[in-house]
Amino acid sequence: MKKFKIIFFLLISSLIYGQDIKGEIIDLTHTFSEESVYWVTAKEFRLEEVANGKTDAGFYYSANNFSTAEHGGTHIDAPIHFAENKHTVDQIPLENLIGIGVKIDVSEKALKNPDYLISLEDLKNWETNNGSIPNNSIVLFETGFGKFYPNAKKYLGTENRGPGAIKELHFPGLSPEAAIWLIENRKIKAVGLDTASIDYGQSTNFATHVALMTQNVPAFENVANLEQLPATGFQVIALPMKIKGGSGAPLRIIAIY
C-alpha cells in the first residue's frame, strides 16, 4: 500500500507540473455515442446538437445536450444498485476507485461458452501462475467479449430491446462463489469486466451483484481494451461522473503500467 501511495503521488505530481508520466497509459473506456451498448431495458445514449459553427460575432462555438441511463457504455455500478443503504456513486471513497490492478484472463473458456461463469477454480489457477491477488486490489476479468463491442448481437446475445429481450441475453459473468471468496479472502476494492454485467446474461437473481454490493464493493462494466493489459504490474484509476444519489454513472477508467 505504501508503494502504491508513492506511485500515485508521483502520478499526480506529473500531471500538475506537466512532466511525463512514467509508464504506459491504457484507456479502458469505450467512447460514448449512439452505438454504445446499454441494458436492453435502459435508455440509450443520445447527443443533441445545440450549436456548431460561426456565431454572429465571428467566433466558432459548439455545444451539445446529452441524455443517458446510468447503466450503459463503460460505467460503474454503485453498491446502492443492489444493496439498500450502501454507497451511492457520490459516496464511494476515492481510494476504492484507485489501486493496484490485476487481470484474470478467462477468454479461452468464455469464448467457447457465452454463459460461462468465472469460477473459484479460475482464481486459484491464476494465483498458481501469478502469486496471490494482492489485498485491496482492483480485479479485472477479460472474457474476450470486448472484441464484439458494440455489436449487440454478438456482445449481448441479442439485438432486440425491451423486457422480452432479457431472456435472450447470453454473455459471461463472475460466479457468486468467486465474488464472495474475493471479498472474504482478498479484501478487494472493486471488480470489472468486459461484458454488460458482472452477473452472466442468463442470471435471474443477480446473486453476484448482491454479494459484492452488500459489502460496498462496486463493479465496472463494459470495460474496454483489457487484452492490452498484463496479468499484473499496473494501477487502475476509475472515476465516475459524480451523480448525487446515483446507482451508477458513466465511467472513465484507465490503467497505468
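Ser-107 lies in helix 2 (residues 107-110), where helices (H or I, at least four residues) and strands (E, at least two) are DSSP runs numbered from the N terminus. The structure is a predicted model, in which local features need pLDDT of at least 70 and side-chain atom pairs count only at pLDDT 80 or more, while totals for chains, interfaces and linings use all residues. Residues are numbered from 1 along each chain as its sequence is written, and side-chain values use heavy atoms, with hydrogens and water left out.

With a relative accessible area of 15%, Ser-107 is buried; this term means under 20% relative accessible area, with exposed over 50% and partly exposed in between (1.4 Å probe, protein chains only). Apart from its neighbours within four places in sequence, Ser-107 is in contact with Glu-142, Thr-143 and Gly-144, contact meaning heavy atoms within 4.5 Å.

**Aromatic pairs**

A pair of aromatic rings is described by the distance of the centres and the angle of the planes. Rings of Phe, Tyr and Trp (its six-membered ring) pair if their centres lie within 6.5 Å; planes under 30 degrees apart count as stacked, over 60 as edge-to-face and the rest as tilted. The structure holds seven such pairs. In one of them, the ring centres of Phe-32 and Phe-45 are 6.0 Å apart and the planes stand at 45 degrees, so the pair is tilted. Phe-32 and Phe-45 both sit in the loop between strand 1 (25-27) and strand 2 (46-54), 13 residues apart, and the pair links distant parts of the chain. Phe-145 and Phe-148 form an edge-to-face pair, with 5.3 Å from centre to centre and 85 degrees between the planes.

| Residue | Relative accessible area | Class |
|---|---|---|
| Phe-32 | 23% | partly exposed |
| Phe-45 | 10% | buried |
| Phe-145 | 4% | buried |
| Phe-148 | 22% | partly exposed |

**Helix packing**

Helix 3 (residues 120-130) packs against helix 5 (residues 176-186) at an angle of about 45 degrees, with the axes 8 Å apart. Axes are lines fitted to C-alpha atoms, for helices over the stretch in contact, and angles run from 0 to 180 degrees between N-to-C directions. Helix 3 and helix 5 are therefore oblique to each other: angles under 35 degrees count as roughly parallel, over 145 as roughly antiparallel, 65 to 115 as roughly perpendicular and the rest as oblique. Helix 3 contributes Leu-120, Leu-123, Lys-124 and Glu-127 to the contact, and helix 5 contributes Ala-178, Trp-181, Leu-182 and Arg-186.
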